[in-house]
Amino acid sequence: MSKNYEIDNVDLKILNILMEDAKIPYTEVAKKVFVSGGTVHVRMKKLEEMGVVNGTTLKMDYSKLGFDVTCFMGIFLDKGSLYDSAVAQLKEIPEIAKIHYTTGNYNIFIKIHCKDTKHLRDVLHDKIQRVEGIERTETFISLEESLNRHLQF
């Protein structure tokens with residue numbers, strides 16, 4: 001692949017369609033973009049090689065699987081230099097869905113899914129607060145997710 005490959009409007013149209021439904025066949029995408037199925041395949045391969053596309057995922061409704069509490073947590077580290085070590089330990093906690101390195105008050109901001117508030121307390125007390133380098137945490141329980149979307153191009 002050429003290092004100078006530039007993303008054009010056809011690539012953006014393909015991405016917009018697949019962000020709405022990643023299971024749609026490339027032949028259907030091609031019809032909507034007015035190109036061949038092979039063109040969609042080649043362009044997606046280039047976008048993957050460039051790192052623009054990093055696989056596909058399912059949108060999950062965790063509440064239907066018994067995980068009724070979603071929360072966000074700001075994490076304060078003893079020292080910023082402990083970030084890599086703390087993240088490595090946090091990645092081992094299955095309830096954590098996202099980890100962000102942030103500016104502002106917190107060193108780390110995470111998203112967690114738990115079955116209920118007792119489960120959240122157990123995760124916080126028995127797992128997160130035992131991570132070496134974490135000084136303290138601040139938890140925000142989500143009451144409702146009003147928007148979860150990809151950017152449109």
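Is Val 87 buried or exposed? Let's take that as our way in, everyone. Keep in mind throughout that this is a predicted model.

Val 87 sits in helix α4, which covers residues 83-90. Its relative accessibility is 9%, and since buried means under 20%, Val 87 counts as buried. What does Val 87 touch, once we leave aside its neighbours within four places in sequence? The answer is Ile 99 and Ile 108.

An α-helix has 3.6 residues a turn, so residues three or four places apart point the same way.

Lys 91 is in the loop between α4 and β2. Lys 91 is exposed, with a relative accessible area of 61%. From Lys 91 to Gly 104 we count 13 residues in sequence, and the C-alpha atoms are 22 Å apart in space.

Lys 98 is partly exposed, at a relative accessible area of 45%. Setting aside neighbours within four places in sequence, Lys 98 is in contact with Phe 109, Ile 110 and Lys 111. Lys 98 and Ile 112 are 14 residues apart in sequence, with 7.3 Å from C-alpha to C-alpha.

Helix α3 has 14 residues, 37-50.

Which residues of α3 are buried? They are Val 40, Arg 43, Met 44 and Leu 47. Down the axis of α3, these buried residues fall within an arc of 100°, so they too line one face of their helix. They pack against α1 (9-20) and α2 (26-33). After α3 comes Gly 51, with a positive phi near 85°.

Let's look at those two partners in turn. With α1, the axes come within 11 Å of α3 and cross at roughly 90°. The two helices are therefore roughly perpendicular to each other. From α1, the residues that meet α3 are Val 10, Asp 11, Ile 14, Leu 15 and Leu 18, and from α3 they are Val 40, Arg 43, Met 44 and Leu 47. By class, this contact of α1 with α3 has seven nonpolar residues, no polar ones and two charged ones.

With α2, the angle to α3 is about 105°, and the axes are 8 Å apart. That makes α2 roughly perpendicular to α3. On the α2 side the contact is made by Tyr 26, Val 29 and Ala 30, and on the α3 side by Gly 37, Val 40, His 41 and Met 44. The contact of α2 with α3 has five nonpolar residues, two polar ones and no charged ones.

Now α2 by itself. Its buried residues are Val 29, Ala 30 and Val 33. They cover an arc of only 100° around the axis, which puts them on the same side of α2. Over on the other side of α2, Lys 31 and Lys 32 are exposed. The buried residues of α2 pack against α1 and α3.

Phe 34 is in the loop between α2 and α3. With a relative accessible area of 75%, Phe 34 is exposed.

So, back to our opening question: Val 87 is buried, at 9% relative accessibility.

Technical notes: Residues numbered from 1 in each chain as written. Predicted model: local features only at pLDDT ≥ 70, side-chain atom pairs only at ≥ 80, totals over all residues. Heavy atoms only, no water. Helix = DSSP H or I, 4+ residues; strand = E, 2+ residues; numbered from the N terminus. Expected span 1.5 Å × (residues − 1). Buried < 20%, exposed > 50% of the residue type's maximum accessible area, 1.4 Å probe, protein only. Arc of directions from axis to C-beta. Contact = heavy atoms within 4.5 Å. Axes fitted to C-alpha atoms, helices over the stretch in contact; angles between N-to-C directions. Parallel < 35°, antiparallel > 145°, perpendicular 65-115°, else oblique. Nonpolar A, V, L, I, M, F, W, Y, C, P; charged D, E, K, R; others polar.
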